Amino acid sequence: MSELDANIPTTFDPFADANAEDSGAGTKEYVHVRIQQRNGRKSLTTVQGLKKEFSYNKILKDLKKEFCCNGTVVQDPELGQVIQLQGDQRKNVSTFLVQAGIVKKENIKIHGF
């Protein structure tokens, strides 16, 4: 009987390692660059996940001047501040953020199509 007691598995928590290391996937702060289709050929490029210490309005002003497009900063209750630009500016925005030193290249995720 004592051999059976020794072989009975105890409760196993598969998420114990994840809870112990809260620094897992959450430490990498990704900047997400997405495209949203509007109507016909029109589209929006959204940028979210920038650090809060950056001035979104100054970044937006530089992006608008660099790419000759219009844009705005939208306050979203779940996502925080999101930069919206007219047109498909995904590659342009990602190279701009890397060259300006705002984000490292490996921390940018480009989504869409």
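**Reading the model**

A: The structure holds one aromatic pair. Rings of Phe, Tyr and Trp (its six-membered ring) pair if their centres lie within 6.5 Å; planes under 30 degrees apart are stacked, over 60 edge-to-face, the rest tilted. Here Phe67 and Phe96 are edge-to-face, 6.2 Å centre to centre, with 75° between the planes. This is a predicted model: local features need pLDDT of at least 70, side-chain atom pairs count only at pLDDT 80 or more, and totals for chains, interfaces and linings use all residues. Residues are numbered from 1 along each chain as its sequence is written, and side-chain values use heavy atoms, leaving out hydrogens and water.

Q: Which parts of the chain does the pair link?

A: Distant ones: Phe67 lies in helix α3 (residues 56-67) and Phe96 in helix α4 (residues 90-99), 29 residues apart. Helices (H or I, at least four residues) and strands (E, at least two) are DSSP runs, numbered from the N terminus.

Q: Are Phe67 and Phe96 buried or exposed?

A: Buried means under 20% relative accessible area, exposed over 50%, partly exposed in between (1.4 Å probe, protein chains only). Phe67 and Phe96 are both buried.

Q: Which residues of α4 are buried?

A: An α-helix has 3.6 residues a turn, so residues three or four places apart point the same way. In α4, the buried residues are Arg90, Val93, Ser94, Phe96 and Leu97. They line one face of the helix, because they fall within an arc of 165° seen down its axis (directions from the axis to the C-beta atoms). On the other side of α4, Lys91 and Gln99 are exposed.

Q: What do the buried residues of α4 pack against?

A: Contact means heavy atoms within 4.5 Å. The buried residues of α4 pack against β1 (31-37), β2 (43-48), α3, β4 (80-86) and β5 (108-110).

Q: What is the strand order of the sheet?

A: Strands of a sheet pair through backbone hydrogen bonds, either parallel or antiparallel. Two strands pair if DSSP finds at least two bridges between them. This open sheet of five strands runs β3-β4-β2-β1-β5, with mixed pairing. β3 (71-76) and β5 are the edge strands, each pairing on one side only.

Q: How many bridges join β2 and β4?

A: Four, in the antiparallel sense. Thr46 has Gln84 in β4 as its bridge partner.

Q: Where does the charged end of Lys109 sit?

A: A charge sits over a ring if NZ of Lys or CZ of Arg is within 6 Å of the ring centre and within 35 degrees of the ring normal. The charged end of Lys109 sits over the ring of Tyr30, 4.7 Å from its centre.
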